[in-house]
Structure formats: C-alpha cells, structure tokens
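Please look over the structure below.

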Amino acid sequence: MRGSIRLKERAIEGALFLSALFSVFITLGIIAVLVFETYGFFKEVSIIDFLTDTQWTPLFSEKHFGILPLFAGTFLTTAIAMLVALPVGLISAIFLSEYAPDGLRAIIKPMLEVLAAVPTVVYGYFALLFVTPLLQNIIPSLSGFNALSPGIVMGIMIIPIVSSLSEDSMHAVPMGLREGAYALGATKLQVAMRVVVPSAFSGIAASFILGISRAVGETMVVAIAAGLQPRLTVNPLVPIETVTAYIVQVSLGDTPAGTLEYRTIFAAGMSLFVVTFALNILSYLLAKRFREVYD
Amino acid sequence: MTDMKRRMSKWADKSFFTVGLAATFVGLAVLFALMLDILSDGVGRLSLQFLTSFPSRHPEAAGVLSAWVGTVWVMAITGVIAFPIGIMAAIYLEEYAKKNYLTGFIEINIANLAGVPSIIYGLLGLGLFVRALALERSVLSGAATLAILVLPIIILSTREALKAIPSSIRDASYALGATRWQTIRHQVLPAALPGILTGTILAMSRAIGETAPLITIGALTYVAFLPASPVSSQFPFINLTGLFDAFTVLPIQIFNWVSRPQKGFSTNAAAAIIVLLAITFLMNAVAVWIRHRYQKKIRW
C-alpha cells in the first residue's frame with residue numbers, strides 16, 4: 001500500500017517535471033527550425049552580402065539579399081516608439097509611485113492594463129486610418145504609409161510596459177532612503193529624481209530594454225501602416241518595411257517550401273530572434289539585480 | 001539666492017504633479033480616441049447578417065461567420081493543449097523543484113520565451129507543425145502554435161497564484177500525514193484556483209488577438225466555409241475532423257479588410273474590431289471579477 005503511494009507520487013513528480021522541461025524543448029525547437037532553414041539560405045546567399053548589401057529584393061527578378069534596409073525600418077519605427085514610450089512611461093511611473101494618492105493609483109493601473117489588452121491588429125487599424133490622416137493635416141508631405149504613425153502608435157502601446165515595470169522597481173526602494181532625503185529638506189521631485197530613480201535604476205533600465213525588445217518584435221502595426229517597401233532611410237515620412245512586416249508579406253503569398261524565397265523569412269526571423277534574445281536576457285538580468293538589492 | 005533656488009524647486013515640484021498626471025493620461029486619452037474612432041466607423045455595420053455571413057467581394061454582403069467560428073475553434077483547442085502543460089509545469093517549478101542549475105535554466109528559459117516576438121512562434125509553427133508534422137494549414141496547427149505562445153504566460157501567472165498560498169496550509173496538511181501530491185491536489189490547488197483561472201483567462205485573451213503567428217503558418221485570409229462540425233448525428237456523436245480543416249480567425253479577417261483600399265472594407269474591419277474587442281474585454285472582465293471575488297472571500 002505504502003509502496004504504491006510512493007510509486008504514484010514518483011510518477012506524478014515525473015510527469016510534472018516533463019511539463020516543466022517542455023519549455024526548454026520549445027526553445028530548442030525554435031532554434032532548430034531557424035538554424036535549419038537559415039543554413040539552407042546561407043548555402044545560396046553569402047553571409048557578407050546578407051549583412052552588407054544595401055538592397056533587399058528577394059521577390060524581384062534581380063535579387064538582392066541585404067538585410068540592412070529591413071533593419072533600418074525596424075530601427076526607425078523602434079526609435080520613434082521609444083521616443084514616445086520612454087519619457088511618457090517614466091514620468092507616469094514616477095507620478096504613480098511618488099505622487100498619486102492610493103485611490104487614484106487603484107483606478108488608473110487597471111485602466112492602463114486595458115491598453116495592453118487591445119490586440120495589435122486594432123492598433124494597426126488606428127495607425128493607418130486615424131493617426132496617419134491626422135498627421136497629414138500637420139505634415140502634408142507625409143505619405144499614406146510611413147514610419148512615423150505606426151512608430152507613435154507602437155510607443156503608446158508600449159507605455160504600460162515601461163511604466164508598470166519601472167513603477168514596481170521604484171516601489172521596491174525602501175522608505176528609509178526617501179525619509180533621509182526629506183529630513184535634509186528635499187522636495188518630492190528632488191527625492192524622486194535624486195534618490196528614487198537612481199536607486200531603482202536597474203529596474204527602470206530593464207523596463208526600457210523590454211520596451212525596445214517589444215517594439216523590435218512588433219508586427220501587425222507596422223505591417224498595416226508602415227508600407228511594404230524595404231528602404232535604407234531614416235526619413236520617417238516615407239513607406240518602409242520592417243523585418244517582421246517582411247515575414248508577413250511573404251507568408252501572405254503562396255511561397256512553396258524549400259525555395260530561396262521561403263528561406264528568406266527564416267533568415268530574417270533568425271536575425272530578429274538573435275536581437276530580441278540578447279535584449280530579453282539583458283533585461284532579465286537587470287530586473288533580477290534590482291530584486292536582489294532590496295528584497 | 002538660496003531663497004530663490006528654494007522657490008524654484010518648490011515650483012518645479014508643483015508643476016511636476018501636472019506633468020505626471022498628463023503623462024499618465026496620455027495613454028488613456030489615446031485609448032478613448034481609439035474606441036471612439038472604431039465605434040463611429042463600425043457600429044453601423046454591425047447586424048445579425050454581419051455575424052452570419054461569409055466574407056465576400058462585396059463589402060456590404062460580407063460577414064465574419066467563418067472568422068468567429070474559426071476563433072472559437074482555435075481558442076478551444078489552444079486551451080486544451082496549453083492549460084494542462086502550463087499548470088503542471090508551474091506546479092513542478094513552484095512546489096517540487098530544488099534550487100539547482102537545471103531549475104534556474106528552466107526559469108530563465110521561460111522568462112525569455114515570454115519575450116520572444118510572436119511572429120517567431122509563427123515560424124516555429126510553420127517549420128514544425130505545418131511542414132515537419134505535415135498538419136498543413138489546419139485548425140490544429142494554429143492552435144498548437146498559439147498554445148506554445150501562451151504557455152510561458154500561463155506558467156508565470158500560475159506560479160504567482162501558487163506563491164500566494166501561505167506555507168502554513170502545506171505544513172498543516174503534511175502534519176496530518178498527507179503526501180506531497182495529496183497536499184497539492186486537495187489543499188494548494190483548490191485555494192490557488194481563482195488565481196490560476198484569472199491568469200489563464202488573461203493569457204487566452206492575449207491569444208485571441210494574435211494575428212502574426214497565424215498569418216505566418218499560412219492561415220487563409222479568404223475562407224468561405226466552416227470546419228466540420230464537432231457534433232455528429234451518428235455514434236459517437238463527436239466529430240474531430242474539423243481539427244484538420246483550413247480556417248481563418250477574426251484578427252486575420254480584420255487585417256485582410258484593413259489592407260483593402262475600398263472604404264466599404266475598412267468599415268467592415270471596424271465592425272469586426274468591435275466584435276473582437278467585445279470578446280477580449282469580456283474575457284478580461286471575467287478574469288478581474290474572479291480575482292476580485294475570491295480575494296475578498298479568502299483571508300489567511
């Protein structure tokens with residue numbers, strides 16, 4: 001009787017362990033699929049061309065495979081998004097953590113969560129059919145597809161990520177540090193800027209990096225509103241294409257498996273994975289540091 | 001001079017309150033504008049006909065029938081795959097795992113997976129389910145892809161729910177002679193259930209809006225049929241061949257309509273967005289309601 005219970009306990013623990021291990025197999029699966037197809041891609045295209053050619057025209061008859069124009073598009077939309085999300089997110093985090101009365105916080109935080117719950121395809125619609133026409137009133141030379149409008153909308157989408165993680169880390173700063181500064185006659189703003197923000201720095205940095213990683217990987221907003229024209233430019237007013245939007249563009253067509261065109265999306269995906277992976281690990285380590293300091 | 005400086009910093013302090021309030025409300029103002037824009041564009045198009053028609057070349061005749069039925073199919077199968085694995089993994093990590101390198105590795109791996117762009121999961125689904133396992137562009141391929149996508153979120157939120165159960169509950173159960181699994185099964189899980197449900201519903205509400213991974217695995221954008229019905233008139237009354245049928249989902253239908261230049265289709269897109277947002281917000285509201293209700297009830 002006792003033996004059978006012990007056997008059952010063992011079996012359950014084994015099954016639970018396998019479930020936990022499953023997540024490792026997902027990562028291995030992602031890497032295996034990307035490496036396999038990317039390897040096939042680099043058998044036909046030189047890695048030097050891939051990284052240095054300034055044209056990306058795999059779907060044309062004269063083919064060029066330079067990833068730079070796609071990354072330029074990704075960089076441009078991400079930069080615009082972060083110009084919106086960083087200041088607004090950080091100021092809002094300082095406000096919520098240091099200034100806002102508890103009642104206001106309790107109302108605003110769930111409302112900001114709604115912002116994060118809206119599907120990205122909806123933000124794409126909003127960028128293309130509301131924000132772009134609005135901006136065209138101010139900037140008449142703005143093209144119907146551009147980097148500016150989806151960049152701004154992505155920034156707003158990312159505000160809750162930046163503000164909520166930053167606020168958590170400010171919240172973890174011990175009260176004693178603030179009280180010390182107040183005792184020296186500092187105002188609330190001085191306490192926030194010179195004590196709380198520096199003490200919570202690693203957590204704030206983690207939230208910034210997570211925001212960047214989110215913007216780099218964002219797909220639908222840019223696929224809908226930024227256009228599908230790979231272009232090596234920093235001009236936010238003209239159509240561009242990001243790495244993610246290119247993958248969508250090819251997936252919408254009927255590209256047979258095993259062709260070079262089919263493999264390009266895995267090569268593009270591989271570059272995307274490497275970049276976001278590095279950003280995520282950095283953010284994870286920074287966030288872990290702020291937890292260790294004050295726990 | 002110092003007096004002046006002090007007055008300056010007092011003033012800066014006061015004005016920061018306004019700046020901070022404004023920054024916090026930027027997001028909410030945009031959310032409000034977005035809702036208003038979509039409602040004014042799309043609400044006139046909502047009708048029973050819109051919900052019960054297939055897509056069409058003529059915008060005024062088109063509807064979201066195949067899209068919402070596809071969404072229901074994919075979500076149901078996603079849940080069936082992701083819930084058990086996610087909850088079991090969380091139980092292992094929270095209740096069994098010893099602090100060692102392997103556990104640490106699994107944890108950092110899950111944290112990283114939660115940050116992988118969703119389109120990468122689409123490439124995994126394309127390479128693994130669609131091609132290698134030859135499931136083609138089926139409901140099953142789509143659901144398996146989304147299940148993998150939400151798995152890290154389910155694991156992380158379930159762990160939080162388990163963490164919230166005080167260890168005195170476990171100790172009391174052990175003191176009565178219960179084994180570890182008996183303790184989890186009869187004490188920890190029932191107490192953590194509302195938290196687990198809240199987290200998983202939120203994870204599903206994220207999956208329901210996912211577009212990019214399903215486009216990547218090749219879900220069709222024009223579908224004028226439904227997967228085979230799961231109910232059959234003959235024994236055993238269940239028919240699962242629908243799993244292997246092609247499908248589309250609401251977000252893909254929206255994307256398809258947004259991409260067309262004619263005005264009629266963007267109106268359809270707005271109407272379909274209202275349907276999608278209604279489902280998403282309903283799921284969120286249910287999750288918040290469960291959390292609220294049980295937080296009040298249980299006091300340790």
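## A loop in chain B

Ala134(B) is exposed, because its count of other C-beta atoms within 10 Å is 9, and 12 or fewer counts as exposed. The model is a predicted one. Ala134(B) sits in the loop that links α5 (118-132) to α6 (139-163) of chain B. Its phi is near 55 degrees, a positive value in a residue other than glycine.

Glu136(B) is also in the loop between α5 and α6 of chain B. Its phi is near 60 degrees, again positive in a residue other than glycine. How exposed is Glu136(B)? Glu136(B) is partly exposed, because 15 other C-beta atoms lie within 10 Å, a count between the cut-offs of 12 and 20. As background, most residues other than glycine have a negative phi.

## A helix crossing in chain A

Helix α4 (residues 102-117) and helix α6 (residues 148-171) of chain A have axes that come within 8 Å. They cross at roughly 130 degrees. α4(A) is therefore oblique to α6(A), since this angle falls between 115 and 145 degrees. The crossing of α4(A) past α6(A) is left-handed.

## Residues at the contact

Which residues make the contact? From α4(A) come Leu112(A), Glu113(A), Leu115(A) and Ala116(A). From α6(A) come Met157(A), Ile159(A), Pro160(A) and Ser163(A). By type, the contact of α4(A) with α6(A) has 6 nonpolar residues, 1 polar and 1 charged.

Conventions. Residues are numbered from 1 along each chain as its sequence is written. Chains are lettered from A and ligands numbered from 1 in the order in which they are written. This is a predicted model: local features need pLDDT of at least 70, side-chain atom pairs count only at pLDDT 80 or more; totals for chains, interfaces and linings use all residues. Axes are lines fitted to C-alpha atoms, for helices over the stretch in contact, and angles run from 0 to 180 degrees between N-to-C directions. Helices (H or I, at least four residues) and strands (E, at least two) are DSSP runs, numbered from the N terminus. Angles under 35 degrees count as roughly parallel, over 145 as roughly antiparallel, 65 to 115 as roughly perpendicular and the rest as oblique. A crossing is left-handed if the near helix is turned anticlockwise from the far one by less than a right angle, and right-handed if clockwise. Two residues are in contact if their C-beta atoms, placed from the backbone, lie within 7 Å. Ala, Val, Leu, Ile, Met, Phe, Trp, Tyr, Cys and Pro count as nonpolar, Asp, Glu, Lys and Arg as charged, and the others, Gly among them, as polar.
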